[in-house]
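Subject: Structure for your review

Dear colleague,

Please find below the structure that I promised to hand over. I would be grateful if you read my notes with the model open beside them.

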Amino acid sequence: MLCSEIDTAEDLETVLNRLKEVLNKTVYMCFSTDILHGGHISIIKKAARLGKLIVGVLSDKAVVSYRRYPLVPESERMKLFESISGVSRVVIQENLSYRENLLRYKPDFVVHGDDWVSGFQKPVRDEVVEVLASYGGKLVEFPYSKDSMYLKIQEQSRETLGMPDMRRKRLKRLLEIKPLVTAIEAHSGITGLIAENTTVYENGKAYQFDAMWVSSLCDSTAKGKPDIELVDMTSRLRTVDDIMEVTTKPIILDGDTGGLAEHFVYNVRTLERLGVSAVIIEDKTGLKKNSLFGTEVEQCQDDIDSFCAKIRAGRAARKTSDFMIIARIESLILEKGMDDALSRAFAYVSAGADGIMIHSRKKDPSEIFEFLKKFRETDKTTPVVLVPTSYNSVTEDELQKAGANIVIYANQLTRSGFPAMKNTAESILRNHRSLEADSMCMPIKDIISLIPEE
Ligand code: SPV
Ligand code: MG
């Protein structure tokens, strides 16, 4: 590696000096992968030739925001790299940005594949170049391997994530990793794909939704039916299955009132078996209407004891502690007051609810903030779910700081899709051809590539 042959004393000295040089240099690489293949080993070998190799393992929190949920947690991924020859040290990299670790370890070289020269990782690379320049380090890039076998390995690990046992427990795990979990509604395979794949890259950061909400409102609307528990569980499960077939993210099902406790227990087992992560049931009884009607329509709230009995029955029926039964409180919607909302929250948690959802249809989020403050004075840990449809000016950051754990964007895909489709239909009717509507439509090529083929 350092000279073709050692056959004189000078050659030996050259090699020894070069070896000293290499041993004094440090190299840094960062990995987010949880599956090691030949491509990784090959670049690690090349990097180790430049000096002592420090491997940064990207934290679970950062991996979740950037690609998919890691199959292997960060502590195990660290052990994986520790066992590779040529790796002299393994550290955690908390963020997609290398800055913190580069300034801490001041490596002489950063090694990376050349796949980040363009695309969403470019801002991360630009920052690496800037930080290295600040102390005289260098970036070394090797050609990125596009071996189809490696792509297949990645795809197989993605499929594993969609299996029921893997998917079900992920909501709980996400709640441990992330201060705030976000979910968006999905009511079909195609909206599931949007929830699964939509990513926004901004200043070297990546944002994705963590989970999907199978809304009763949107599932019913997609079928042209009112949101009154008319679309039955068999049909709702069909929707869940359509979404599950093409996605891997955890699913939170809007379970309406949960129906009769005697029926709810069966549904808990079915949902658990399918790999759904949570069901949210609301404390209403009789003919359920959508909460966003508030007191404009007649709605009846269940009494505390009867709803607690339903929660207890569901808890007793479930087979794993991964599956969450979340109790939704309708007191603020039905204008029953803050005290009623709080006493129900504490009662439902005591009955075994794994989380609380508090709903409001006010534009002003102050009643939600008041609830969170008072609830958190007593209960610091039970996850709280919010649906900020009406109070939509408040940011995720503000809600998280106030004590929320899950934010659900419950109906925005349906509400945005409907006017887009209506405008297109009207344009075709008005112009007696589709040319004018074309600019409102996704190119055929894009829609074909959106749907993965085997
Ligand atoms: C749904 O999405 O069906 C919900 C949330 O239950 S809300 O419509 O705000 O009541
Ligand atoms: Mg609903």
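Predicted model: local features only at pLDDT ≥ 70, side-chain atom pairs only at ≥ 80, totals over all residues.

Residues are numbered from 1 along each chain as its sequence is written, chains are lettered from A and ligands numbered from 1 in the order in which they are written, and side-chain values use heavy atoms, with hydrogens and water left out.

**The whole chain**

The protein chain contains 19 helices and 17 strands; these are DSSP runs numbered from the N terminus (helices: H or I, at least four residues; strands: E, at least two). Its C-alpha atoms fill a box of roughly 95 × 65 × 40 Å along the principal axes. Of its 454 residues, 47% count as buried, where buried means under 20% relative accessible area, exposed over 50%, and partly exposed in between (1.4 Å probe, protein chains only).

**Helix H15**

Helix H15 runs over residues 338–350. Its 13 residues reach 18 Å from the first C-alpha to the last, close to the 18 Å expected at 1.5 Å a residue; the expected span is 1.5 Å times one less than the number of residues.

Which residues of H15 are buried? They are Met338, Ala341, Leu342, Arg344, Ala345 and Tyr348. These residues lie on the same side of H15 because they cover an arc of only 165° around the axis, the arc being that of the directions from the helix axis to the C-beta atoms. An α-helix has 3.6 residues a turn, so residues three or four places apart point the same way. On the other side of H15, Asp339 and Ser350 are exposed. Just after the helix, Gly352 takes a positive phi of about 115°.

**Ligand 1**

The residues around ligand 1 include Trp213, Asp254, Arg328 and Ala410; a residue counts here if one of its heavy atoms lies within 4 Å.

- Ser215: a polar side-chain atom lies 2.8 Å from an oxygen atom of the ligand.
- Asn290: an N or O atom of the side chain is 2.9 Å from a ligand oxygen atom.
- His359: a polar side-chain atom lies 2.7 Å from an oxygen atom of the ligand.

Taken alone, ligand 1 exposes 280 Å², and the protein buries 99% of that (areas by the Shrake-Rupley method with a 1.4 Å probe).

Yours sincerely

Key:
Polar contact = N/O pair within 3.5 Å; in protein donor to acceptor, adjacent residues only side chain to side chain.
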